[in-house]
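Here is my notebook for today. I went looking at how the inside of this protein is packed, and you are welcome to follow along.

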Amino acid sequence: MSDLITLTIDGKELKAKEGESVLNIARANGIFIPAICYLTRCSPTLACRLCLVESDGKQIYACNSKAKDGMNITTTTENIEKERKAIMEVYDVNHPLQCGVCDQSGDCELQNYTLYQKVDSQSYAIRDVNRPREHWGVMNYDPGLCIVCEKCVTVCKDMIGSNALSTVKRGAEALPGKFKTTMPKDAYAMWNKLNKSLIGFEEDKCVDCGECISVCPVGALVSNDFQYKSNSWELTKIPAANAHSSDCALLYYEVKHESIVNHNVQKIYRVTNEHHYASINGAARFGYDFENRVESQDEVAFDKAIEAFKKADTIKFNSFITNEEAFILQKLKEKFAYKLINSDALSYKKFLDAYSSVSGETLYSANLKDIHNSNFVISVGSYLKSDSPNTKYAFNNSVVMNKGAGLYFHPMGDPVMEQCGKRGKTTEFIYHNPLAEESILYFILDRFGSNLPEAIQATLDSYKETRVKSITEMIKEKVVSIVKDEESGEEKEVTKMVPKKVTKEVEYEYTRLLDEINCDATLLETIEAMKDKKDTYTLILGEDLITHPNSQNLAKLAALVEKYTEFKVMIIPTSTNTLGVSLICDLDEEEGSYCVGYNVKADFQLSALGDGNLDMPALNQQEGTFTNIDKRVVPTNAALPYKGYVLNDIANTLLGTEVEHTILYTKSLPVNKGFQAVEFDSLTNYFANDWSENRGYVLDSYDVETNEEIAQKQNASFEVASSEITIYKANPINQFNEFTAIAHEFKDNLESGMFANEAFLEELELSVGDKVLLSANGSEIEVNVYADNQVSGKIAYVSTFEKELNTKALFAGYRFTSANVKKV
C-alpha cells in the first residue's frame with residue numbers, strides 16, 4: 001500500500017492515501033464540495049461538474065482528480081461560484097414544474113443544491129420536449145425529471161455489476177448557438193450533454209435490487225410501489241438491519257400511519273439506505289412488509305405453548321432470529337436439556353470449527369470491505385447473486401474499481417455474474433462439475449501457496465501426482481537469453497515466457513484434473529497474467545462447501561489457503577443470523593420425540609408467519625441484534641408494533657425470571673464466544689463520512705489450538721444417469737425465505753418450483769407452466785416449471801423459500817443432486 005501524503009484543502013493540512021480522489025478526501029475530513037453526480041465507492045462520471053475546485057491556480061474536478069503530495073486546493077473562488085450557479089440554473093430549466101407532484105420533493109438533491117447555490121433567477125431558456133414515462137420492472141422512469149447525472153448507470157456497473165442501465169441518445173434540437181459563447185464553459189458542456197441523452201434499460205440484465213432508485217438525486221427513478229403514496233417529510237425513518245440475508249446491511253424502514261381513517265395503524269411505505277456507504281439487495285428494499293399483525297395477547301394459545309414446552313424434548317428453529325432469541329433458546333436448553341435443532345447453523349458451526357482447528361483463529365479473516373479493497377478475488381461454492389448479493393456487489397466492485405481480477409467457480413452458468421468485469425481480461429467464470437470444490441481448493445493452494453509445511457506439501461504433491469502430475473507443466477516458463485543492443489553493442493539479459501514441452505503422459509494426467517474443474521491450459525495462462533501486479537487477495541467460500549460430503553477437509557484446506565497464501569478468507573453465513581446462532585447455541589444432530597418449532601414445522605409451532613399455534617413477532621417488529629457476515633454484532637429496531645406474546649414471555653414463565661424486554665439479554669451474550677457485555681441502547685448504528693462503519697461492534701477473536709493435519713483428497717464423482725438431470729438447491733433472486741415470500745411486492749408474482757433456462761427446458765421437452773414430479777433422495781415432490789434465462793447450462797435449480805413445499809427433502813445435505821423429472 002502507498003504511504004500517506006500531505007495536502008492542503010482550504011488551508012487545512014490533511015493526510016491521505018496517494019491516488020485517492022480529492023472529493024473523497026474532502027468529504028472524509030468534513031470539507032464540503034458540491035457534487036450531484038458522484039458516488040463514494042464508484043467511478044466519477046463528470047456529469048454535473050459542480051465539484052470544480054482550484055489546485056495551485058489551476059481548475060480541476062475534485063471527483064476525478066487524484067491526490068498528490070503537496071497539493072494546495074481551494075474549494076471555491078469567484079469564478080467557480082459563477083460556474084456552479086450557472087450549472088444549477090441549467091438543471092432548473094423547465095425542471096421545477098414537476099416539484100408539486102414529485103415523490104422526491106422535500107428530499108431532493110436538486111432542490112438542496114438550488115438553495116445552496118442561491119439560484120433565484122433564470123438566465124437560460126429552451127423549448128421543453130415530451131419525454132414519455134416508462135415502467136421498468138420494480139421502478140418507473142420519468143425522463144422529464146432525469147438530469148442524466150449517470151449515478152444510476154454508475155452504481156449498476158461499478159457496484160451491482162449488472163450493466164442494465166446506460167446512457168442513450170435521444171432526439172433533441174441542438175442548443176441555440178448563442179449559449180456556447182455567452183455561458184460559462186462547464187455549464188454549457190453539461191447542458192449540451194443533458195440535452196442529448198437519456199437513460200436506457202435492458203430488462204434481462206436487471207436483478208431488481210433498486211439501488212438505482214436509491215442513488216437517483218431527483219424523482220426520475222422511483223419504486224412503482226411507492227410512487228404517489230407519501231411525501232418524504234411525512235415518513236419516520238427507523239434504523240434497522242436487513243433481516244433477510246447475512247449482510248444485515250443498514251437500512252431504514254420509513255413509516256407513517258396507514259390512512260386518515262386508520263391513523264393509529266402504522267405501515268412501512270418504503271425502505272431506504274445510505275447508498276454512499278453500503279448497498280442493500282432487492283429483498284431488503286422491496287420485501288419489507290412481512291410483519292405479523294397481532295392486536296392482543298392470546299392467553300389460551302400461550303398456556304398451550306407452555307404445556308407444549310413442558311412436554312417437549314426438542315426445540316427446532318431456523319436462523320431468522322436475533323442473537324437475544326438464540327440466547328433464550330440456549331438458556332432453555334441448559335435448564336431443561338432440550339435438543340436444539342438447526343441444521344443450517346450446525347453445518348456452518350462444524351465447518352467453522354474445522355477451519356479454526358487449522359487457522360488458529362475462532363473466525364475467518366475477511367469482511368465485505370476487504371473484498372471491496374481487494375484486487376484479486378476468488379469465489380468458490382456460492383451462487384453469489386442469490387445467496388449473498390452484497391458479496392457479489394463487493395466482488396464486482398473490487399474488479400471494476402481496483403483494476404482487479406476475479407475468478408468465479410461454480411457448476412451453474414450465470415450470465416448475470418458474467419457482467420462483472422471483462423471476461424478473459426479481468427474476470428474468468430469456471431463452470432465445473434459438482435463435487436469438484438475440493439480440487440479447486442487444492443488448485444488455489446498450489447497456484448498461490450508458498451512455504452508450505454512438509455506434511456502439507458507432501459499431501460499436495462500426492463494430490464498433484466494422482467490428479468495432475470504437475471499443473472505447472474502446462475504453464476509457460478521463464479527463459480533468460482543474452483541480447484546485444486545493435487546501437488550500443490551492450491549485452492543484456494532478456495527474460496521471456498515460452499511454453500514448456502509437455503509429454504503425452506503429463507498432458508493426460510493434467511487433463512483429468514482440468515476436466516474436473518473445467519479449466520484448460522489457456523485459462524491457466526490467463527490466470528497467471530491476471531495475477532500480475534496484484535497484492536490484495538480475498539477468497540470467498542459459500543454454502544456448497546459447507547454442505548459438501550467432505551466439508552471438514554474443505555474447511556481445513558481453506559484455512560491452509562489463509563495461512564500459506566496472501567488470501568484473506570470469508571465464509572459466507574448461509575442465513576441472516578447463522579453465525580450468531582452457531583456461536584451462541586449448543587446444537588444437536590437429531591431431534592427427539594416431541595418438538596416445538598420456532599418458524600418451522602413441528603408438533604407445536606411458534607410462528608411469525610401467522611400459521612402456527614402461537615403467534616410471534618416478525619423481525620421488523622423486534623429490537624435486537626444480528627451477527628452479520630462481517631462478524632459484527634449490529635442492532636435492529638422495531639419498525640412496527642406487535643401486541644402479542646414474544647419468546648421472552650415464554651422464557652420468563654419457564655425460567656421463573658422477570659426480564660421485561662428481550663434486548664436486556666444483549667449485554668449477556670456469551671463473552672467466551674467473542675460477544676461483548678454491551679447494552680443494546682449503547683450500540684451505534686451509522687457510517688461516518690470517511691466510510692468507517694460505526695455499527696455495534698466486531699466480535700472478539702481468540703486463539704485456539706491448531707492441528708494442520710488434512711485428509712488425502714477423496715476422488716468423489718457426481719454421477720447422473722441418462723434418465724436424470726442435475727438439480728441445485730437455490731432460490732430466485734430476492735427470494736430468501738418464507739418472509740420474503742409473503743411481502744406484497746413478491747407474493748403477487750410468487751414463483752416456486754423448478755427453474756431452468758429456456759434452451760434446457762426445450763431439451764427436456766418442458767414448457768413454462770408445466771408441472772413435473774421430481775424424484776430424489778427418496779422423496780417425490782410435484783412442482784411448477786419456470787424459465788430463468790439469467791442462468792445457463794444444463795442444471796436446474798429448485799426453490800426452497802415456500803414453507804409448505806418441502807423441496808429441501810430432495811437433497812441429502814449437499815446442494816447438488818441428481819433427480820428424475822417426470823412431466824405430470
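Which residues touch the most other members of the largest nonpolar core? I noted Tyr253, Ile378, Ile444, Leu539, Ile571, Leu606 and Leu614, out of 147 residues in that core. A nonpolar core here is a set of buried Ala, Val, Leu, Ile, Met, Phe, Trp, Tyr and Cys residues joined through side-chain atoms within 4.5 Å. Buried means under 20% relative accessible area, exposed over 50%, and partly exposed in between (1.4 Å probe, protein chains only).

I kept in mind that this is a predicted model, where local features need pLDDT of at least 70, side-chain atom pairs count only at pLDDT 80 or more, and totals for chains, interfaces and linings use all residues. Residues are numbered from 1 along each chain as its sequence is written, and side-chain values use heavy atoms, with hydrogens and water left out.

Next I looked up Ile571. Setting aside neighbours within four places in sequence, I found Ile571 in contact (heavy atoms within 4.5 Å) with Tyr348, Phe351, Leu352, Tyr355, Tyr364, Leu541 and Ile546. There is also a second, separate core of 48 residues, and Ile36, Cys37, Met88 and Cys216 are among them.

Then I turned to Leu560, which sits in helix α20, residues 551-564; helices are DSSP runs (H or I, at least four residues) numbered from the N terminus. Is Leu560 buried or exposed? Leu560 is buried, because its relative accessible area is 0%. Beyond residues up to four places away in sequence, Leu560 touches Val358, Leu445, Ile456, Thr565, Glu708 and Ile710. I also noted that Leu560 and Gly449 are 111 residues apart in sequence and 8.8 Å apart in space, C-alpha to C-alpha.

Note on methods: Helices (H or I, at least four residues) and strands (E, at least two) are DSSP runs, numbered from the N terminus.
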